[in-house]
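I opened this model to look up its pockets and its metal sites. My entries follow.

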Amino acid sequence: MRFVVLGAAAGGGLPQWNCGCRNCAMARSSGLRPQTQSSLAVSLGGLNWAILNASPDIRQQINDNTQLHPRGPRDTPIMSVVLTNGDLDHIVGLLTLRERQPFQIFLTGAIAGILDSNPVFRVLDPNTVQRNLVVPNKSFPLLPGLDASLFAVPGKVALFMEDEDATIGAESEHVTGVALSAGGLRAFYIPGCAHLTESLATRIRGADIVFFDGTLFTDDEMIRTRTGTKTGRRMGHMPISGEGGSLKVLARLDIGRIVYIHINNTNPIWRDGPERDLVLRHGFEVGCDGAEISLAPRS
Ligand code: MLT
Ligand code: MN
Ligand code: ZN
């Protein structure tokens, strides 16, 4: 099973257009490598690829990663695209994938409803780009030989669909994670998670690799950096550190490799320092654009 981190940053990217936080300033002055918005590519063998979430930066991500280049006058190795939620950082890239190129989209009914209610997505002709509605916990063939399933994760509806009393932490078809299995390997991709429940912990325990929500290091990080007014949990993202943070919980689950992805530009783990050290000392990895991971089959 092969992975390429196409975009390690959360919505907005690093740097974000209107952000002058420490990391964004460093990314503009070559102190940090810029990072694009949230997406992961997966393949078996490298011939065909599935893209997990279609980032607004997908054009650059395809250009930057030769595995995804066309091999003929009209061609793509991208066979399928999975959408895990309806936030813009995960759906806008679909608009770049027009040009009458056949591929498959896998998504829940809730996310299909978002695409249906925004006529701009009609640019993807349903006769060319097939939408496959996925029922949570039911496996489907994502690529030849690679089975996937989506499962509900605590979260909230997309930001642009929130009303005044948005429920946070609900498990529904609006926020899902992806389970992948092939050759005896078990991999998970969970870019947004408000709370690591017992059932989610049980699900991912003992996995070979988990790509996990690394949006914020501390819950009040955006308030303290004066870049926002909401806590991470209010945004549907549990923090890395602290009691109930993902670091402590995930460290107990006997997972082969844990890679933080969907990392917000304010997150101190982008730069050298005690926060990044803490993550690395636990054996966790900090995702970055272009990172390649290959796992040999177990069976
Ligand atoms: C999120 O992950 O919280 C969203 O991407 C926020 C956004 O759409 O800006
Ligand atoms: Mn996001
Ligand atoms: Zn910033």
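I started with the lining of the largest pocket, which by class has 9 nonpolar, 18 polar and 7 charged residues. I counted Ala, Val, Leu, Ile, Met, Phe, Trp, Tyr, Cys and Pro as nonpolar, Asp, Glu, Lys and Arg as charged, and the others, Gly among them, as polar. This is a predicted model, where local features need pLDDT of at least 70, side-chain atom pairs count only at pLDDT 80 or more, and totals for chains, interfaces and linings use all residues. Residues are numbered from 1 along each chain as its sequence is written, chains are lettered from A and ligands numbered from 1 in the order in which they are written, and side-chain values use heavy atoms, with hydrogens and water left out.

Pockets. On a 1 Å grid over the protein atoms alone, a pocket is an open set of points where a 1.4 Å probe fits, with protein on both sides within 12 Å along at least five of seven lines; lining residues have an atom within 4 Å of a point. A volume is the space filled by probe spheres set on the points, which are joined across faces, edges and corners.

I read about 730 Å³ for the largest pocket. Its lining has 34 residues, with Gly11, Asp87, Leu159, Met235 and His237 nearest the centre. Helix 3 (88-91) and strand 9 (170-182) are the elements that give two or more residues to this lining, and helix 3 gives the most, with 3 residues. Helices (H or I, at least four residues) and strands (E, at least two) are DSSP runs, numbered from the N terminus.

The second largest pocket has about 470 Å³. It is lined by 17 residues, and Ile62, Asp75, Thr96, Leu97 and Glu99 are the closest to its centre. Helix 2 (residues 58-64) gives the largest share, 3 residues.

Manganese. Which residues coordinate the manganese ion (ligand 2)? I found Asp89 (OD) and His262 (NE2), at 2.0 to 2.2 Å. Donors are N, O and S atoms within 2.8 Å of the metal (3.2 Å for Na, K and Ca); water is not among the atoms, so sites may look incomplete. Aspartate 89 is in helix 3 and histidine 262 in the loop between strand 12 (257-261) and helix 8 (274-281), 173 residues apart. Aspartate 89 counts as buried at 8% relative accessibility, and histidine 262 is buried at 6%. Buried means under 20% relative accessible area, exposed over 50%, partly exposed in between (1.4 Å probe, protein chains only).

Zinc. Cys19 (SG), Cys21 (SG), Cys24 (SG) and Asn265 (OD1) coordinate the zinc ion (ligand 3) at 2.2 to 2.6 Å. I noted both cysteine 21 and cysteine 24 as buried.
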